[in-house]
Amino acid sequence: MKLLAYLSFVSILATSCTSTRVNQAFKVGHLDEQASGVLIQELSSGKVVFQHHADDYFMPASNAKLVTFLEATRILPDSIPAYRYVETSDTLYFWGTGDPSLLHPDLHGDALLKKLRSTNKVLVLADSDENVRPLGSGWAWDDYADDYSAEIASIPMYNNQVRFSVKAGVAEVSPTYFAPFVRTGTSSFVQRDRNANLFTLPSVQTMPTVAVPFITSAKQTVDLLSFEVGKPILHLPKPYDASSVLAYAGKTDSLYLPMLHFSDNQIAEQLLYLIAAQKNWVGPTNKIIEKLTKEDSLLKPIKWVDGSGLSRYNLMRPQDIVAVLLKLKSELNEARLFKLLPESGRSGTIRKMAPDTPESRFYAKSGSFGNTYNLAGYYRNSQGKLFVFSIMGNLGNRSITAMKQDVMILLNALR
């Protein structure tokens, strides 16, 4: 039956109107065989081309990053709030803002290190562990050693991950601070102790670079900063001083691009803490989201739990995602917006997804975990007409690859 429907769809594709084609495409795929919601809207006229359970709630996975992106672009300036500090005659007190660029392997931020190295005063980290929850609510407990589950911190460093590789039987550890905590074992993959920063490497001659999250805390941050600046650092938790200064360094777009193109969860989570720093708030994440929701009515209908979408507690509707996309389109320059979003067939997580019509393309954020695939963004067809869409597929007992194919059948009908 699906084959007959597909052949019928192909014959209709060339002659029918857009709404008819999309309706037929939906029947051809398997989205109606799982929990799915769709909303496709023509941008200029606001006309709804197709909808299916658009007002039902689904797990957004990394589509939640679009909400984080919108709030960040509204609140953060062009530059990253890198750290907060206040100086007395003999002491430099400093607080983290959540800046994820610090010693990140791709972003190479070093603003805080420069500040700490530039003074002979006593250095005191004033952050409190009470203002941060390292793991998000609803995250999978057994993902703690996977690179996409890096912990949240007031001062993240190295993307809160240790990187391991083996060349000619010799292990390389970055940062080298963690080298004394590494041993060789019999497992075929890198392991980390559940409750300690103790790592076990496989006994192999060659191994590509593997990133493993480390356990964060204010004490761990003090040790790492002391290691990097070559000076002792004290830890004395205290609230922000009224006279403290918020220092900026680096561009916020340098954070948005890897979050959207490569779905970097750690950057997404830390953006909420940057927002808090800009607002003179403190965490943890749930408090930041609660305050943002009180300020922005757009957020009230959704259940927003974390910045990255790792949590299965997040619940959003296709109409909520489309509302976010419409706000982004109205508030950001189109060239900037489409540069920061992955482009079909060219970049990011959708580089291997391309419309059948060569002149068509889409700029979108994907979101996936087991049994779930979502895609939301903007589709420009061969005639130059722009559509905004949210396609959400949950509880599909099929491969992510198969679910992507169903999404492409739907989008190709926009041609």
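Helices here are DSSP runs of H or I with at least four residues, strands are DSSP runs of E with at least two, and both are numbered from the N terminus. The model described here is predicted.

**Cis peptide bonds**

Pro284 is joined to Gly283 by a cis peptide bond, with omega about 10°. Another cis bond runs from Ser174 to Pro175, and its omega is near 0°. Pro175 sits in the loop between β7 (170–174) and β8 (182–185).

**Positive phi values**

Asn160 is not a glycine, yet its phi is positive, at about 55°. Ser263, also a residue other than glycine, has a positive phi near 55°. The table gives the location of each of these residues and its relative accessibility.

| Residue | Loop | Relative accessibility |
|---|---|---|
| Asn160 | between β5 (122–125) and β6 (161–167) | 1% |
| Ser263 | between α6 (253–261) and α7 | 15% |

Are these two residues buried or exposed? A residue counts as buried when its relative accessible area is under 20%. Asn160 has a relative accessible area of 1%, so Asn160 is buried. Ser263 is at 15% relative accessibility and therefore counts as buried too.

Strands β6 and β11 run antiparallel and are joined by 5 bridges. Across from Val212 in β11 stands Val162.

**Thr372**

Thr372 is in strand β15, which covers residues 372–380. Why does Thr372 count as buried? Its relative accessibility is 0%, so Thr372 falls in the buried class. Leaving out residues up to four places away in sequence, Thr372 touches Met59, Ala61, Gly367, Gly393, Asn394, Leu395, Ile400 and Met403.

**Summary**

Two cis peptide bonds have been described, one from Ser174 to Pro175 and one between Gly283 and Pro284. Asn160 and Ser263 have positive phi values.

Conventions:
Residues numbered from 1 in each chain as written. Predicted model: local features only at pLDDT ≥ 70, side-chain atom pairs only at ≥ 80, totals over all residues. Heavy atoms only, no water. Buried < 20%, exposed > 50% of the residue type's maximum accessible area, 1.4 Å probe, protein only. Contact = heavy atoms within 4.5 Å. Pairing = 2+ DSSP bridges.
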